[in-house]
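The sequence and structure are shown below.

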Amino acid sequence: MYFGCRAKHTKMEILSNGDVLPCIAFLGEKHTSNAFHQTLAEIWKNDSNYTGVREFKTENKDCLKCSMLRICEGGCYPKLQRTLNPNFTKDKTCQL
């Protein structure tokens, strides 16, 4: 994660069946929007996966002290949501 979460600001994956994901890391997660049934603007503003990404704030003490927090923003949201304590868990891909 050298640019932070692009899904929070600019990314949208649209699958061939119309399912929309904030990024490919959401593959296998619940698809909450479909481009054949909603406009992309509606999905961008109202989709629960996007809301989760945008509202996620890490509470991991190591992350909060790290100078790279502004870039990585606490790690990969869907990966962290698969853990027991997503706000306190450190993203396993972090090299710091």
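In what order do the elements of the chain run from the N terminus on?

## Overall architecture

The model discussed here is predicted. From the N terminus on, the order of elements is β-β-β-α-α-α-α-α.

Along the principal axes, the C-alpha atoms fill a box of roughly 45 × 25 × 20 Å. Of the 96 residues, 33% count as buried. When contacts between residues at least 6 apart in sequence are considered, 48% of them join residues at least 24 apart.

## The sheet

The three strands form an open sheet in the order β1-β2-β3, and their pairing is antiparallel. Strands β1 (13-14) and β3 (33-34) stand at the edges with a single partner strand each, so one side of each has no neighbour in the sheet.

Two bridges join strand β2 (residues 19-21) to β3 in the antiparallel sense. On the β3 side, S33 is the bridge partner of V20.

## Aromatic pairs

A pair of aromatic rings is described by the distance of the centres and the angle of the planes. With ring centres required to lie within 6.5 Å, the count of aromatic pairs comes to three. In one of them, W44 and Y50, the ring centres are 4.9 Å apart and the planes stand at 50°, so the pair is tilted. W44 is partly exposed at a relative accessible area of 26%, whereas Y50 is buried at 0%.

F56 and Y77 form an edge-to-face pair, with 5.8 Å from centre to centre and 65° between the planes. F56 lies in the loop between α2 (48-55) and α3 (61-65), while Y77 belongs to helix α5 (residues 77-81), so the pair ties together parts that are 21 residues apart in sequence. Both residues are buried: F56 has a relative accessibility of 6%, and Y77 has a relative accessible area of 15%. Ring pairs also bring in F26, which is linked with F56 and Y77 into a cluster.

## A charge over a ring

Which ring does the charged end of R54 sit over? The ring is that of W44, and the charged end of R54 is 4.4 Å from its centre. W44 therefore takes part both in this arrangement and in the tilted pair with Y50.

## Cysteines

How many disulfides does the structure hold? The number is zero. For C5, the closest cysteine sulfur is that of C23, at 6.1 Å, which is too far for a bond; a disulfide would require the two sulfur atoms to be within 2.5 Å. C5 is buried, with a relative accessible area of 15%.

C72 is likewise in no disulfide. The cysteine sulfur nearest to that of C72 belongs to C63 and is 5.9 Å away.

Methods:
Residues are numbered from 1 along each chain as its sequence is written. This is a predicted model: local features need pLDDT of at least 70, side-chain atom pairs count only at pLDDT 80 or more; totals for chains, interfaces and linings use all residues. Side-chain values use heavy atoms; hydrogens and water are left out. Rings of Phe, Tyr and Trp (its six-membered ring) pair if their centres lie within 6.5 Å; planes under 30 degrees apart count as stacked, over 60 as edge-to-face and the rest as tilted. Buried means under 20% relative accessible area, exposed over 50%, partly exposed in between (1.4 Å probe, protein chains only). Helices (H or I, at least four residues) and strands (E, at least two) are DSSP runs, numbered from the N terminus. A charge sits over a ring if NZ of Lys or CZ of Arg is within 6 Å of the ring centre and within 35 degrees of the ring normal. Two strands pair if DSSP finds at least two bridges between them. Contact means heavy atoms within 4.5 Å.
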